[in-house]
Amino acid sequence: VRSRLFSGETDNLRLQDCLEVSRCSSDWAECLHAAERVQKLLRQGARFREISVAYTDSHYALFLRLIFERLEIPAYFSGTEDILHKSVMHMAVTALEAAAGGLERRDVLRYLKSILSPLEAEQCDRLENYVILWGIGGQSWGQTWKLHPAGRGKEFDEASAQALRDINTWREKGIMPLVRLRQKLLRAANTREQIRALYEFLEEIGVEAHLTALSEAMQAEQDYASAQELSQLWEILIGALEQMEELLGDTVRDADAFARLLRLQLSQYNVGTIPPVLDRVTVGELSAMRRKKTAHLILLGAAEGGLPGYGGGGGVLTQTEREALVAMGLGLTGGASWNLQQDFATIRAVFSCPRETLSVSCGGSQPAFLFRR
């Protein structure tokens, strides 16, 4: 198979014991078939760590996580992930954008609903109901609220008075740190003071202690990869702020530009983990598997446009312009042809990984030419 992967006759190959090629009705069915394949290999004496699953499109990871968890197949998902949507970064960026944007109601509530919010879910819900009921926003965030929690025309009794005291307590705990952050951002003379204002806000709401508690809870549930990730995220955030202060500390920009700059900087980071337990199935994108030696490989997504990916050249120049420049004697890297060759090299490397068996499958899309071969 390896020697005739891209060219040559394949009809006379006898591969029933080591190669399985499967066509499934959908991508979900393809992932179910992969799980069944793992269970079959286990019954034949394989270990989890001897099995790897590679996919050509990231949406397979969502299906595989759900299916493997339900079937109690321990799996390690390799590769790196964009950190902007991770809990720590999402909370920091949404809080900064809320403070920089004038404490708009939508932005403030988005921050309060983040996983690292200083309020519990029920507290946040009751506070949100009060805010929407009375149309609170702007300067009202920093003032003690005195209106009835049930609406206009209602008389205060002990229960409603206690409810209002609770809401004001949650306002002080959840929203006043944002108000103080906004005040510091408006007074800041340069980027250094803006960074320090954000760091003081993170200290005030106790992010580091909250992360430690979350990490310990994840370790207790044996979710070691997520615990690793949390500790990395805090270090990345602090490192990003320190780097920004060192390079841009004396420069001047308004609060909104500072929030956009931090979002842009954090978008350049990725986070990855190492396998927390040895005996697990390794799962990852095709490119992450090209150097992974394994006994059994299951490859998902052998559909047209996925194997290879046929990605465009990208960059400023079109493919026609690149070809014209190459014809003039200029040596250029990149471009559609170069990317296609890179894809072929990756595919060859992945097909060279398994020692014993290879399973290739295609979902509901048109099969790729390699699948047909």
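W141 is buried, with 0% of its relative accessible area left open (buried means under 20%, exposed over 50%, partly exposed in between, using a 1.4 Å probe and protein chains only). W145 is buried too, at 6%. This is a predicted model, where local features need pLDDT of at least 70 and side-chain atom pairs count only at 80 or more, while totals for chains, interfaces and linings use all residues. Residues are numbered from 1 along each chain as its sequence is written, and side-chain values use heavy atoms, with hydrogens and water left out.

Rings of Phe, Tyr and Trp (its six-membered ring) pair up if their centres lie within 6.5 Å; planes under 30 degrees apart are called stacked, over 60 edge-to-face, and the rest tilted. By that rule there are 6 aromatic pairs here.

## A phenylalanine pair

F344 and F369 sit 6.4 Å apart, centre to centre, and their planes are at 80 degrees, so they go down as edge-to-face. F344 belongs to helix α13 (residues 336-351) and F369 to helix α14 (residues 369-372), so the pair links parts of the chain 25 residues apart. (Helices are DSSP runs of H or I with at least four residues, strands are E runs of at least two, and both are numbered from the N terminus.) F369 is partly exposed, at 22%.

## Charges over rings

A charge sits over a ring if NZ of Lys or CZ of Arg is within 6 Å of the ring centre and within 35 degrees of the ring normal. R171 does this with W145, its charged end being 5.7 Å from the ring centre. R65 lies over the face of F77, 4.1 Å from the centre.

What kind of peptide bond runs from L307 to P308? It's cis, with omega near 0 degrees. P308 is in the loop between β7 (294-300) and α12 (319-327).

E72 isn't a glycine, yet its phi is positive, about 55 degrees. E72 is found in the loop between α2 (59-70) and β3 (75-77), and is exposed at 68%. L103 has a positive phi as well, near 55 degrees. L103 lies in the loop between α3 (87-100) and α4, but counts as buried, at 5%.
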